[in-house]
Every structure is written in structure tokens, then in C-alpha cells.
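Biologist: I have a new model open and I'd like to learn how to read it. Could you walk me through it?

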Amino acid sequence: MPSWGLFDAQPQEYRDAVLAPSINARLAVEAGASHGWHRYAGDDGDVLGVDRFGVSAPGDVTLREYGFTVENVCNRAAAPV
């Protein structure tokens, strides 16, 4: 979702087609602050984000340390609600 504002401005029918109301557990993955993503993840959903700063390392190392790996994302997406 490149823009919350643009998405929220769409008709409800469109938003429901993209984020089905019957699904209340989604995983939002944001390589930035998680703030705000919970409203799209759903009541039983999860957000993988970066809520701290101050790390200095090559990009691939930083992403791995923050949990942005295929294995971690898959595990969190498959986690029981």
C-alpha cells in the first residue's frame, strides 16, 4: 500500500475488495515505523516494523537483525491467532 491517504479515499467497496472485512488477521510488513499499520492488519493481525533507531550496519545485516527475512515473515504470517 503506497499511500494510506489514497487507499482510505477509495470507495468502501474497493477497500473491502483489497482488505476483506471477513479476514481479521493480516501481517503488515513495513521497513519503517509500525505506527499506523495496526488499523490495516486487523484486530488479530500483526505488524513487522522498525520501532527503534540507532543501528549502523550494511543493509542486509540490518534487515536480518530487524527480522525482515523470508523465514521470519513466513513464520509470523502462519502464526496462530
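Modeller: Let's go from the overall layout to single residues.

Biologist: Before that, what kind of model is this, and how are residues numbered?

Modeller: This is a predicted model, with residues numbered from 1 along each chain as its sequence is written. Local features need pLDDT of at least 70, side-chain atom pairs count only at pLDDT 80 or more, totals for chains, interfaces and linings use all residues, and side-chain values use heavy atoms, with hydrogens and water left out.

Biologist: How many helices and strands are there, then?

Modeller: Helices (H or I, at least four residues) and strands (E, at least two) are DSSP runs, numbered from the N terminus. Here you'll find 5 helices and 2 strands, and along the sequence they come in the pattern α-α-β-α-β-α-α.

Biologist: What does the C-alpha trace span along its principal axes?

Modeller: About 45 × 30 × 15 Å.

Biologist: And what share of the residues is buried?

Modeller: Buried means under 20% relative accessible area, exposed means over 50%, and partly exposed is in between (1.4 Å probe, protein chains only). Of the 81 residues in this protein, 21% are buried. Areas come from the Shrake-Rupley method with a 1.4 Å probe, and for residues only the protein chains shown count as cover. The accessible surface here comes to about 5,800 Å², with 55% of it belonging to carbon and sulfur atoms.

Biologist: What about contacts between residues at least 6 apart in sequence: what share of them joins residues at least 24 apart?

Modeller: A contact means heavy atoms within 4.5 Å. In this protein, that share is 29%.

Biologist: How many positive and negative side chains are there?

Modeller: Lys and Arg count as positive, Asp and Glu as negative, while His and the chain ends are not counted. Each charge is placed at NZ of Lys, CZ of Arg, CG of Asp or CD of Glu. The protein has 6 positive and 11 negative side chains, and the centres of the two sets lie 3 Å apart.

Biologist: Which side chains meet in a salt bridge?

Modeller: A salt bridge needs a side-chain nitrogen of Lys or Arg within 4 Å of a carboxyl oxygen of Asp or Glu. The structure holds 1 of these: D46 and R76 meet at 2.9 Å, N to O. D46 sits in strand β2 (residues 46–48) and R76 in helix α5 (residues 70–78), so the pair ties together parts that are 30 residues apart in sequence.

Biologist: Are those two partners buried or partly exposed?

Modeller: D46 counts as partly exposed because its relative accessibility is 27%. R76 is partly exposed too, with a relative accessible area of 27%.

Biologist: Now R26: where is it, and which side chain of opposite charge is nearest to it?

Modeller: You'll find R26 in the loop between α2 (12–18) and β1 (27–29). R26 is buried but has no salt bridge, and the nearest side chain of opposite charge is D16, 7.4 Å away.

Biologist: Which backbone oxygen does the side chain of R26 reach?

Modeller: That of Y40, at 3.0 Å. Not counting residues up to four places away in sequence, R26 touches several others, including L19, Y40 and D46.

Biologist: In helix α2, is R15 exposed or partly exposed?

Modeller: R15, in helix α2, is at 21% relative accessibility, so R15 counts as partly exposed. Beyond its neighbours within four places in sequence, R15 is in contact with F7, D8 and Q10.

Biologist: And E13, is that one buried or exposed?

Modeller: E13 is in helix α2 as well, and counts as exposed because its relative accessibility is 71%.

Biologist: One more: is T62 buried or exposed?

Modeller: T62 lies in helix α4 (residues 59–65) and counts as buried, because its relative accessibility is 14%. Setting aside residues up to four places away in sequence, T62 touches V55 and A57.

Note on methods:
Polar contact = N/O pair within 3.5 Å; in protein donor to acceptor, adjacent residues only side chain to side chain.
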